[in-house]
Amino acid sequence: MSKRKEITSYFQPKKKQTTTCEDEEPSAASIEITGDGVEPLIFGGINNNSEQHPQNPEIVNEGIDSENTDEIIDFNSLIRDPGLRKQIETYHPNKKDLIRRAYIDLGPYQPVQVYPFSGPEHHPRRFQKSWFDKFPWLEYSPEKDAAYCFYCFLFAKNPLGRCGSNTFTVKGFKSWRKVNKGKDCAFRCHVEKGDGSNSAHNFATKCYYNLKNQPCHLEKIVEKQSAEEIKRNRMRLKTSIDAIKWLTFQACAFRGHDESYNSKNQGNFLDMLKLLASYNPQVEERRAHLK
């Protein structure tokens, strides 16, 4: 008579019987025949003759300087001529702000020289020095005999693909006859091109002044004040700890009978703080707040 099974046995997982055989050959279902003289490919295994490709290849963006970001930049070797210098977008992203600050410290490249004539022979024209005073963002390239925009060079994005979108950043402007045209002045059109106050040039101008005046930003001021406050508090705490340690080692009482500010004898602890404060103006300043 068969042995009765308990009801719980029907809910228990069945044990799998695993057999291992070293001499067992792979089944035909796991072998792909690739032809005569070719080693079969076994699914689920690794083919020793197969090429192993890197799983995470390093991606290098075209047009971006991929050199080591820890390399020290020699700002004295930066090219000033706007017609020969590298564009900001070609630098590594971690270096862009450093390069921008270096160029901001140098300022726009505005050489004063005898500018060459260009244009038709019957009416040649050339760059004018007075344009630097009217347009402080203006730069001149002696090598290209062309004008550029300093603000757009620092903060303009890649060319938009429209005609003339990179004239003042990459190609350079040299149609001098279009400058002295009143409202149609080429330089004024560059500033107001697009949405006027929201033009690409005005956006680059805002970015320029924001980066230039970064030490005056509210976040920087608050951070600086917080650091100074921490330093003063640490000095106050250190002075109090030194006074407590000395009184403890000498087994002296801390408090006095009258610790009011006008008291002649405020106790050992407060009198010790007065003594230490007389040698350190920062401690005296902090002690004055306790009045």
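**Note on the predicted model: salt bridges, core and hairpin**

1. Lys 238 forms a salt bridge with Asp 242, with 3.3 Å between the closest N and O atoms; a salt bridge here is a side-chain nitrogen of Lys or Arg within 4 Å of a carboxyl oxygen of Asp or Glu. Both residues belong to helix H7 (residues 218-249), where they are four residues apart, about one turn of the helix. Helices (H or I, at least four residues) and strands (E, at least two) are DSSP runs, numbered from the N terminus. Asp 242 counts as partly exposed, at 34% relative accessibility. In this note, buried means under 20% relative accessible area, exposed over 50%, and partly exposed in between (1.4 Å probe, protein chains only).

2. Residues are numbered from 1 along each chain as its sequence is written, and side-chain values use heavy atoms, with hydrogens and water left out. The model is predicted: local features need pLDDT of at least 70, side-chain atom pairs count only at pLDDT 80 or more, and totals for chains, interfaces and linings use all residues.

3. The mean pLDDT (the predictor's confidence in each residue, from 0 to 100) is 75 for the protein, and 65% of its residues reach 70 or more. Over residues 19-69 the pLDDT is below 50, and this stretch has 31 contacts in the model beyond near neighbours in sequence; a contact means heavy atoms within 4.5 Å.

4. The salt bridges number four by the stated rule. One of them joins the side chains of Glu 89 and Lys 96 (3.1 Å, N to O). Glu 89 is partly exposed, at a relative accessible area of 26%, whereas Lys 96 is buried, at 16%. Another joins the side chains of Asp 97 and Arg 100 (3.0 Å, N to O). These two residues lie three residues apart in helix H1 and are therefore separated by about one helical turn. Asp 97 is partly exposed at 36% relative accessibility, while Arg 100 is buried at 11%.

5. Helix H1 spans residues 96-106, and its buried residues are Lys 96, Ile 99, Arg 100, Ala 102, Tyr 103 and Ile 104. They pack against helix H3 (150-155) and helix H6 (200-212). Just after H1, Gly 107 adopts a positive phi of about 85°.

6. The largest nonpolar core has 35 residues, of which Phe 127, Trp 137, Leu 138, Leu 154 and Phe 187 touch the most other members. H3 supplies the largest share, six residues. Such a core is a set of buried Ala, Val, Leu, Ile, Met, Phe, Trp, Tyr and Cys residues joined through side-chain atoms within 4.5 Å. Leaving aside residues up to four places away in sequence, Leu 138 touches several residues, among them Pro 108, Phe 127, Trp 131, Tyr 148 and Phe 187.

7. Strands S3 and S4 pair in the antiparallel sense over four bridges; pairing requires that DSSP find at least two bridges between two strands. Ser 141 stands opposite Ala 146 in S4. The hairpin has four residues between the strands, and Asp 145 takes a positive phi near 50° in it. Both faces of S4 are covered, with Ala 146 and Tyr 148 buried on one side and Ala 147 and Cys 149 buried on the other. In a regular strand the side chains alternate between the two faces of the sheet.
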